Amino acid sequence: DGSSDTHTLKLKKLPGKVSIITEPDTTGQILIDNKPINQINGYYEIEAGIHSLDFTHPMFLPYSSSIDVIGRGKEEKIILNLEPNWASISINSVPSNAKVYLSDEYLGETPLIVDIVSGLQELIFIKEGYQKKTSLIRVNKDQDKKLDPVKLKLLPSTVRVSSNPEGAKVFLNKIFKGLSPIELSLSPNENEVISLELDGYYSSNKNFNLRSNQKVSHDLI
């Protein structure tokens, strides 16, 4: 009928190609507007406009900021200056070459220096022939520390003491431990005396000097 209409189309900007660089260089979780985002060809595609950015890594304090993305397919660089949340800890043991774990994470063998995140941390020392040792330490960020050497104890020796008849009083170094049959833990590489007493029978004494983790059985009456 000869009439005409004019329509205005508003174009949507292409996402920006954003490179997110951390100083120091590390890899952590990045959230844009509280949602995880993945890299594409080495950069992040982020819609034009203002967004929240959050970065987390256990060795650094959480980072949060607001970013304004140009968009239109343009390349941008955003630099995150991270603040360390750890300290260098010097760890040793007597004897050395013990395996050290930070809870379930293997750190290496003593002596060693390792970066540990701040807070109350549990160190576990394991060495063959020795008792497992657990140590709690307080780590403060940016406060390097040299720990006192952890002294490991040899695994105890074990003696199973029996008698015929049963029910004899059992003493270890003159200290009453119970009635036979009984299993006793002895200090390794030390002289220990086990004595048995039972009414109507001669008392019996036996000297022991056993290796670490050695297990023996003895009938002393």
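## Loop between S9 and S10

Pro 95 sits in the loop that runs between strand S9 (93-94) and strand S10 (99-102). The model is a predicted one. The peptide bond that joins Val 94 to Pro 95 is cis, with omega at about 0 degrees.

Asn 97 is found in the loop between S9 and S10 as well. Although Asn 97 is not a glycine, its phi is positive, at about 65 degrees.

## Loop between S1 and S2

A cis peptide bond is also present between Glu 23 and Pro 24, where omega is about 0 degrees. Glu 23 is the residue at which strand S1 (16-23) ends, and Pro 24 lies in the loop between S1 and strand S2 (29-32).

## Loop between S14 and S15

Asp 142 is placed in the loop between strand S14 (133-139) and strand S15 (145-146). Asp 142 is not a glycine, yet its phi is positive, at about 65 degrees.

Is Asp 142 buried or exposed? Its relative accessibility is 51%, and since exposed means over 50%, Asp 142 counts as exposed.

## Backbone summary

Two cis peptide bonds have been described: Glu 23 to Pro 24, and Val 94 to Pro 95. Positive phi values were given for Asn 97 and for Asp 142. The loop between S9 and S10 holds both Pro 95 and Asn 97.

Technical notes. Residues are numbered from 1 along each chain as its sequence is written. This is a predicted model: local features need pLDDT of at least 70, side-chain atom pairs count only at pLDDT 80 or more; totals for chains, interfaces and linings use all residues. Side-chain values use heavy atoms; hydrogens and water are left out. Helices (H or I, at least four residues) and strands (E, at least two) are DSSP runs, numbered from the N terminus. Buried means under 20% relative accessible area, exposed over 50%, partly exposed in between (1.4 Å probe, protein chains only).
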